[in-house]
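Here is a friendly briefing to read alongside the model.

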Protein chains: 2
Amino acid sequence: MKLGKRTYAPDKRVFLPYVADIAGNDEANGNLRHYIDFSTDCGEWGCPSHEKAETKFRDDVTMRLIERAGLDAEDIDCLLGGDLLNQIVPSSFSARSFAIPFSGLYCACATFGQSLAIASMMIGAGMSKVICCTSSHFATAERQYRYPLELGTQPTPASQRTVTGAGAVLVSDSYPGWRCPEITCYTLGEIIDLGCTDANNMGAAMAPAAYDTIAAHLRETGRSADYYDLIVTGDLGRLGRELLVELLSHDKVCDGSNVNDCGCLIYGEKQKCGLGGSGAGCSSLVYCSYFHKLLTAGQLNRILLVPTGAMLSKDSSLQGESIPGIAHAVAIECR
Amino acid sequence: MKLGKRTYAPDKRVFLPYVADIAGNDEANGNLRHYIDFSTDCGEWGCPSHEKAETKFRDDVTMRLIERAGLDAEDIDCLLGGDLLNQIVPSSFSARSFAIPFSGLYCACATFGQSLAIASMMIGAGMSKVICCTSSHFATAERQYRYPLELGTQPTPASQRTVTGAGAVLVSDSYPGWRCPEITCYTLGEIIDLGCTDANNMGAAMAPAAYDTIAAHLRETGRSADYYDLIVTGDLGRLGRELLVELLSHDKVCDGSNVNDCGCLIYGEKQKCGLGGSGAGCSSLVYCSYFHKLLTAGQLNRILLVPTGAMLSKDSSLQGESIPGIAHAVAIECR
């Protein structure tokens, strides 16, 4: 059902009964250390390359999710996946391991939000169980977007650290019988590009898109920001979050007091991880490990999850292009 | 409504009233020369790079489609886009030009089928107008996947030519008042990988996926192959099509007499374009320029469009991986 120009509520109830996550070493030793499901000490995890390890991360988390839900792969109607690598190879290569219809998505680090919105539509179209899985990996992203790790290049002051990890969530049409998070509505993002060209300052490139989507969501649902316990963006980092709060309070959308960011939450203060986490796995790992537990346990009732993406490529930056940002918002509530 | 494990019929009627397309020089001088909307002599089309030209192709075709439908950009509920470049930059950079919610998709050359299926779900979720646009470009694909054109590398015998072009289709919830193609059902593809590692023989890598999806579609709908005037794959090329027909007839799914391929149709016999066209723009250009006109004119009544994709990247090939294939089938009928 259309609630506004960009906002829709599912016609059937859309539940998120089960999640699974996996994290790298830094992520598992950060602020969320007591919440992470499973972690690996080594980014290669016994694989011959970091790219293959990212695929294995996805295999592991998808398999664990299916087992946890007491299902078989054949019970899953669709696997929605995305990551940051060229041609989303970890997603499609991992999908080889499962005889499940596959749909590859790409909205950079906003893919998790996009996948939850599309999964809601799939439930409406007659599917019963859909898996949304997004991942990222520090080593694969560094060498694809920036420099090989072996060079030991210093990060710039505004840079963030790509999260090594993956989160997968089961989207279901049936009430599991316990307090269960639900997708109650979602607002799709538009591409917003204010001309930021610094590929090491993603927070600044994405904050205007996050602002645009959050403002549209609140306007179209008629909700005020304090309807939500928390409005949580994907990976703006500390600078991007500051810019977002400035935009929101300047335009009197909200005062920003309940606005946080997965990228700001994941690492501890003492970890040398730049201005916070980033990557397509950032919001999915933080949702699956942390927010999902708080919602289920009754410590939170309603969150607006707003994964944010920077739609650049290495080539687009080399050709002098600015960075288009996007953010998709998903309201997740227990009711 | 679920018709089978992988097949769904839209609950509301889903119409395809308008299309627009653009082609490069070779494509505009091939078999479909009397059907192509608009073409450019030069692959750069006044842009400083081929990548920017591919973005301009998309801008042009999207704008033309919106105008042709007598709409404004604000009437469009979502822009579903995909292409072959890293991080689908032509799609997201083109989406900057339109204030339309954007959802980036990636299933390689099967993206057009995926986009039509997801657009059908979006109409079901309450959207009224969705645009599906996919594109590819010979020069951008060559230098990303193979070698820069300046090297003048010889193509191998099994290779195909990436189509320079784009097709965009308006997916609508309302009957336009004339004989209009409709999406009546769709079958989602699974990743199929039989171990082909030759990145210059995409037809062989994708044919098993096309077989799998076509067989699933016919089984789950209870239709025989001759229900359709034509079953048309995306870009198998001549070798891939031969393999597909062999698989279909071996397993007695059908005799292959009404099976064709967009990649086999697009270029003329005398054009030196390898075993046919390929690319995310191949099936969308051929549908929008050719099949859509035949359906509207009553020369065809029902086709099963099965865009096919090879989910490799340059890195995955260099790391010795085989090529996962995928195919999504969409039944397009006039009734």
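How do the residues of the lining of the largest cavity divide into nonpolar, polar and charged? They comprise 12 nonpolar, 7 polar and 2 charged residues, where Ala, Val, Leu, Ile, Met, Phe, Trp, Tyr, Cys and Pro count as nonpolar, Asp, Glu, Lys and Arg as charged, and the others, Gly among them, as polar.

This is a predicted model, in which local features need pLDDT of at least 70, side-chain atom pairs count only at pLDDT 80 or more, and totals for chains, interfaces and linings use all residues. Residues are numbered from 1 along each chain as its sequence is written, chains are lettered from A and ligands numbered from 1 in the order in which they are written, and side-chain values use heavy atoms, with hydrogens and water left out.

**Cavities**

- The structure holds 6 cavities of 30 Å³ or more; on a 1 Å grid over the protein atoms alone, a cavity is a set of points where a 1.4 Å probe fits but cannot get out, and lining residues have an atom within 4 Å of a point.
- The largest cavity has a volume of about 200 Å³, a volume being the space filled by probe spheres set on grid points that are joined across faces, edges and corners.
- Its lining has 21 residues, and those closest to the centre are B:Cys109, B:Arg146, B:Thr162, B:Met202 and B:Ser278.
- Helix H5 (138-145) and helix H6 (202-221) of chain B each give at least two residues to that lining; helices (H or I, at least four residues) and strands (E, at least two) are DSSP runs, numbered from the N terminus.
- The second largest cavity, of about 50 Å³, has B:Arg238, B:Tyr267, B:Glu269 and B:Cys273 among its lining residues.
- By class, the lining of the second largest cavity has 2 nonpolar, 5 polar and 2 charged residues.

**Pockets**

- The largest pocket has a volume of about 870 Å³; a pocket is an open set of grid points with protein on both sides within 12 Å along at least five of seven lines.
- Of the 39 residues lining the largest pocket, A:Glu142, A:Arg146, A:Ser159, A:Gln160 and A:Asn200 lie nearest its centre.
- Its lining takes two or more residues from each of helix H5 (138-145), strand E6 (161-162), helix H6 (202-221) and helix H10 (314-318) of chain A.
- The second largest pocket holds about 610 Å³ of space, and B:Glu142, B:Arg146, B:Tyr147, B:Pro155 and B:Asn200 lie nearest its centre among 27 lining residues.
- The lining of the second largest pocket divides into 11 nonpolar, 10 polar and 6 charged residues.

**The interface of chain A and chain B**

- Each chain brings 61 residues to the contact, contact meaning heavy atoms within 4.5 Å.
- The two chains bury about 4700 Å² between them, 54% of it on carbon and sulfur atoms; buried area is the accessible area (1.4 Å probe) that two parts lose on being put together, summed over both.
- In chain A, the residues that lose the most area to chain B are A:Gln87, A:Arg96 and A:Gln319, together 15% of what that side buries.
- The interface has 8 salt bridges (a side-chain nitrogen of Lys or Arg within 4 Å of a carboxyl oxygen of Asp or Glu).
- One of the salt bridges joins B:Arg96 to A:Asp193, with the closest N and O atoms 2.6 Å apart.

**A residue in helix H2**

- A:Thr55 belongs to helix H2 (residues 50-68) of chain A.
- A:Thr55 is buried, with a relative accessible area of 13%, where buried means under 20%, exposed over 50% and partly exposed in between (1.4 Å probe, protein chains only).
- Apart from neighbours within four places in sequence, A:Thr55 is in contact with A:Pro90, A:Phe93 and A:Ser94.
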